[in-house]
Amino acid sequence: MRLVASSNSAPASVNRYLLPHEQDVVTIRRHPAVLIGPVGAVLGALIFAGILSNLPFASDSTATLAIIWWLWLLVLVWFVWRVAEWSVDYFVITSARLLLTTGLITRQVNMMPLGKVTDMRFERTLLGRFLGYGTFVMESAGQDQALSRIAFIPYPEQLYLEVVGLIFKE
């Protein structure tokens, strides 16, 4: 499997943050497992709303039923928002930097120059190994960086080797 993407395939929302001399090496979304919590919340709220709807106090009152299902609809809207945010969040490895772009309305771009990375590791929980994601943990020389921990990275072994290869290319 080849993870290297040409700069033409990266979305414009990412390309605008690249410098003219940088080459996009890998542009990847975070693993869909980041949505496990929101999916669980929507399904739990649906079950809860269904149980409440069948109780005697709710089934006799149209207003109570409306409130229950409007609250569930709010949870569903929150879920759709989280999916939309996930769809525009990217982890980018360039020839010079690591970037994490997040946010649907308020865009946040966290960056760490490859030359500043002094230590890098990845962690995989049991669920992460089963589903295929991991967490990158990076450190730089005595500084607290905005990009020190990136969770839900797909293909962590391959991406780890890609980044380490760029850091130690000399």
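Is Tyr 133 buried or exposed? In this predicted model, Tyr 133 is buried, its relative accessible area being 10%. The residue also takes part in one of the aromatic contacts described below.

The structure contains four aromatic pairs. In one of them, the ring centres of Trp 69 and Trp 72 are 6.0 Å apart and the planes meet at 70 degrees, so this pair is edge-to-face; the cut-off for that class is an angle over 60 degrees. Both residues belong to helix α4, which covers residues 62-88. Trp 69 and Trp 72 are three residues apart, about one turn of the helix. Trp 69 has a relative accessible area of 33% and is partly exposed, whereas Trp 72, at 17%, counts as buried, because the limit for buried is under 20%.

Tyr 133 pairs with Phe 152. Their centres lie 4.9 Å apart with 35 degrees between the planes, and the pair is tilted.

Arg 29 lies over the face of Trp 86, at 5.5 Å from the ring centre.

Definitions and conventions: Residues numbered from 1 in each chain as written. Predicted model: local features only at pLDDT ≥ 70, side-chain atom pairs only at ≥ 80, totals over all residues. Heavy atoms only, no water. Phe/Tyr/Trp six-rings, centres within 6.5 Å; stacked < 30°, edge-to-face > 60°. Helix = DSSP H or I, 4+ residues; strand = E, 2+ residues; numbered from the N terminus. Buried < 20%, exposed > 50% of the residue type's maximum accessible area, 1.4 Å probe, protein only. Lys NZ or Arg CZ within 6 Å of the ring centre and 35° of its normal.
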